[in-house]
Amino acid sequence: MELKTAAVAGLLGLSSRRINQLEQEGIAVRISPGTFDAPATIQNYVRHVSGKAGSQTANLDLNAENARLAKERADAQALKNSQTRGELVEAEAVAQTWEGIVSEVRSAMLAVPGRLRRRAGASLDAAAIELIDHEIREALTALADPDKTQAARPREGEAAAEDEALDMD
C-alpha cells in the first residue's frame, strides 16, 4: 500500500519533515518521491520506537544501579567515619573482651570456697565448704547454658524449704 508523505505523517502523528528524516535514517521506506510503502514504514517505525523505549528502560535501570552504587559508597564511607571516630568496634574484639571478663568472673567464683576454707578455718566444716563449692558450680553451669538448667532450678517454695532444712536463713 502506497501513501503520500502527508498521509504517512498523519497515521504516525508526525510531521512530513519528520517522515523525510526517518527516510534518511532508513526507517521510512520511500517508493518514489513523496510516496512511501505504508506497511513497511509503519513496521519499521514501531520497531524504532520500541527500541528507543527499551533503551530508555535500560537507561532507567542504569540510573537506578548508579544510585544504588552511590548509596552503597556513601554508607561505606559513613561506616569508616564512625569507626575512625571510635563510635564502632569490631564484633570480634567485643566478643574477645567479654570472653576475658567471663573467664575472670568464673575463676574468681571458683576460688571462693578455697578462700573461705583459708579465712574461716575451723569455723566452717568441710561439708559447708563443699556445699558452697557445689552451689557456685551449679550457678556457673546455669549461667553457661540457661536452657538446660531451667528445669533443674528449684521453684520459690522449694528453695525456701531447702534453706530451712540446711539452717541457712
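Q: What is the make-up by class of the lining of the second largest pocket?
A: In this predicted model, the lining has 7 nonpolar residues, no polar ones and 1 charged residue. Val102, Val105, Arg106, Met109, Ala139, Leu140, Leu143 and Ala144 form that lining. Arg counts as charged, whereas Val, Met, Ala and Leu count as nonpolar. Helix H4 (91–120) and helix H5 (126–144) are the elements that give two or more residues to the lining.

Q: Why is the contact of Asp133 and Arg137 called a salt bridge?
A: The N to O distance is 3.1 Å; the cut-off is 4 Å, so the pair qualifies. Both residues lie in helix H5, 4 residues apart, about one turn of the helix.

Q: What makes Asp133 count as buried or exposed?
A: Its relative accessible area is 15%, and buried means under 20%, so Asp133 is buried. Arg137, at 41%, counts as partly exposed.

Q: How do you know that the buried residues of helix H1 line one face?
A: The buried residues of H1 (residues 5–12) are Thr5, Val8, Ala9 and Leu12. Seen down the axis of H1, they fall within an arc of 100 degrees, so they line one face of the helix. On the other side, Ala6, Gly10 and Leu11 are exposed.

Note on methods:
Residues numbered from 1 in each chain as written. Predicted model: local features only at pLDDT ≥ 70, side-chain atom pairs only at ≥ 80, totals over all residues. Heavy atoms only, no water. 1 Å grid on protein atoms, 1.4 Å probe; cavity = no way out; pocket = protein on both sides within 12 Å on 5 of 7 lines; lining within 4 Å. Buried < 20%, exposed > 50% of the residue type's maximum accessible area, 1.4 Å probe, protein only. Arc of directions from axis to C-beta. Salt bridge = Lys/Arg side-chain N within 4 Å of Asp/Glu carboxyl O.
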